[in-house]
Amino acid sequence: MAETNQTRTAAPMRRGPMGRGPMGGGGGGKAKDMRGALTSLLSYCKNQVGIIVLALVLAAVAAVFTIIGPDQLSRLTDYIYDGLSTEIDMVGVRNVALLLLGIYLASAVCNFVQHYIMQTVTQRTAKRLRGDIDTKINRLPLKFFSGNAAGDVLSRMTNDVDMIGQAMSNSLSNLVTAIAQFIGCLIMMYYTDWILATTTVLSTLIGLVLMVVIMSRSQKYFTARQESLGTLNGYIEEMYAGHDVIRILNAEDEVKETFSSMNQAVKDANFRSQFLSGLMQPLMTFVGNLGYVAVCVVGAWQIIEGNITFGVITAFLIYTRLFESPLRQISQAMTQVQSCAAASERVFEFLAEDEMEDESDKVQRIDNVRGEVEFRHVKFAYPNAPEKEIIHDFSVKVQPGQKVAIVGPTGAGKTTMVNLLMRFFEPTGGMILIDGVPTTYIPRSNVHSQFGMVLQDTWLFEGTVRENLLYNTEGVTEEQMIEACKACGIHNFIQALPKGYDTILTDNTSISAGQKQLMTIARAMIQNSPMLILDEATSSVDTKTEMLTQQAMDALTDKRTSFVIAHRLSTIKNADLILVMRDGDIVEQGSHEELLKQNGFYAELYNSQFEEAS
């Protein structure tokens, strides 16, 4: 992956086929803090509290209008029933009918407005969440990407944010409407007839108790569902990216087995959460039907006794439906609230991750850089293993314009030195200076802008060749871009593409690994930074192309301070200074000829490669 002045240096550390990142979850996650997650979400939306309250008030008003309707229907029924034996009061019927029309029209308008408001708020919140996650990614230290799967982070940005949006859009207003309707129905029923009201409440009470019990037991499964889905997405993303390696190593069976296990975890969590929450709706339907029967029986007895009119029975049958309906809505809304809580916890857990140090107070900058770089007694240990020091008292001074090669066996600390130089990590001891200024005094963005980087892992995105070459670089002419491509030997190849420099690169574009690497080298040339970092930049090219690229790299590094991490020692013979590292220390330094004459560790490495090549 080649970068310009971005904060990332390499792809996140990949896990093995059976691995799981620490942010992932299994299928049997424990119940999380539902109240805390929802509190975080409400706090996040505090700047929109006013408009949300307005929407909820409108939802409550709409519910109140709905509740008033049955009382007027009772009057209408009585007008008609009483008029069957004499004459129907058509004026009274008309007045009640017009009042009912106004009530239901007002209810519909309130519902429309509150629905529009909640949809607007929901989409704004989802957009803001995605934007904050994207911003957060650029503020996280490199250690985060080394320890967490990319797919799990993407799942938080997509699945979890969408879940929050759906819950806010549907459940919040529905919950308020249902509660208002429930309370309003309760009041109107007792206002109309307390005996029938008590009958309805008692028949419904059992449903309320069971709903609370189900909710208390199902929340952990909603949390497990979101976590297992994030883990599965991360695994799929990793295995898709490495499907060629999987085939070569004949690891398809192991991958299928692991995928099947993770898929089963998602299925189990989904089944348990949906099964338990799904019990609530048929339960409420049964309770509602039980209420109808109870009202009919008790109401018939009340009519026989002459305590109520037929219109009261009509109203109560509607009230029973309206009383049962909010319970069903509440059960559905609480299912979404539980999903929202699980998703919110994952999103705000990510947003609460430790960030890189805030550097807004650092005003010192370095411009017109000469390229003098000094490592002064630098020490480093990874934050998660401070007892295991990787770099031990590293000191070297690089003069402006020098080409410095860093060589050594795997794990010697070569890439770590570059990460420290770019301030992706901070030294645990000593300091690094550019033109005499400690890099810790300078904002990271200013440090990054001084370097062009070409890394071993190529990074090209879906876009035109031109967009990839000029990524995040302004003021480059067409001629300068073409000259850089010619220097890397890819101009003719690009011209042969269907639309030349305007060809869109996709997964289906026929382009070799070597050509991708050459394009990233050309991108670094176009960036024209005062200093360069080349991490095995020619590793993916053949011998003939390597010679052409080496010439271009020599021209690129001319009069620029450059740091070259190399495994092929034949490519850094012309380096001004070669630093030989072993176990975090510089064990030898000098030019190629000087190191060979010493007949030490470098000579041993060089001769072993020469023997392998022969």
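Reply: pLDDT is the predictor's confidence in each residue, from 0 to 100. Helices (H or I, at least four residues) and strands (E, at least two) are DSSP runs, numbered from the N terminus. This is a predicted model, in which local features need pLDDT of at least 70, side-chain atom pairs count only at pLDDT 80 or more, and totals for chains, interfaces and linings use all residues. Residues are numbered from 1 along each chain as its sequence is written, and side-chain values use heavy atoms, leaving out hydrogens and water.

Start with confidence. The chain averages a pLDDT of 78. Among its elements, strand E4 (residues 429–434) has the highest mean, 92. Helix H17 (residues 543–557) has the lowest, 67.

Now the six-stranded sheet. It is open, with mixed pairing, in the order E6-E9-E10-E3-E11-E12. Its edge strands are E6 (451–454) and E12 (585–590). Two strands pair if DSSP finds at least two bridges between them. E3 (residues 403–407) and E11 (residues 577–582) pair in the parallel sense, over four bridges. There, Ala405 has Ile578 of E11 as its bridge partner. Helix H11 (residues 414–421) packs on this sheet, touching E3, E6, E9, E10 and E11. Contact means heavy atoms within 4.5 Å.

The other sheet has four strands. It is open and antiparallel, in the order E2-E1-E4-E5. E2 (389–398) and E5 (437–438) are its edge strands. E4 and E5 pair over two bridges. Leu433 stands opposite Pro438 in E5. H11 packs on this sheet too, touching E1 (373–381), E2 and E4.

Methods. Axes are lines fitted to C-alpha atoms, for helices over the stretch in contact, and angles run from 0 to 180 degrees between N-to-C directions.
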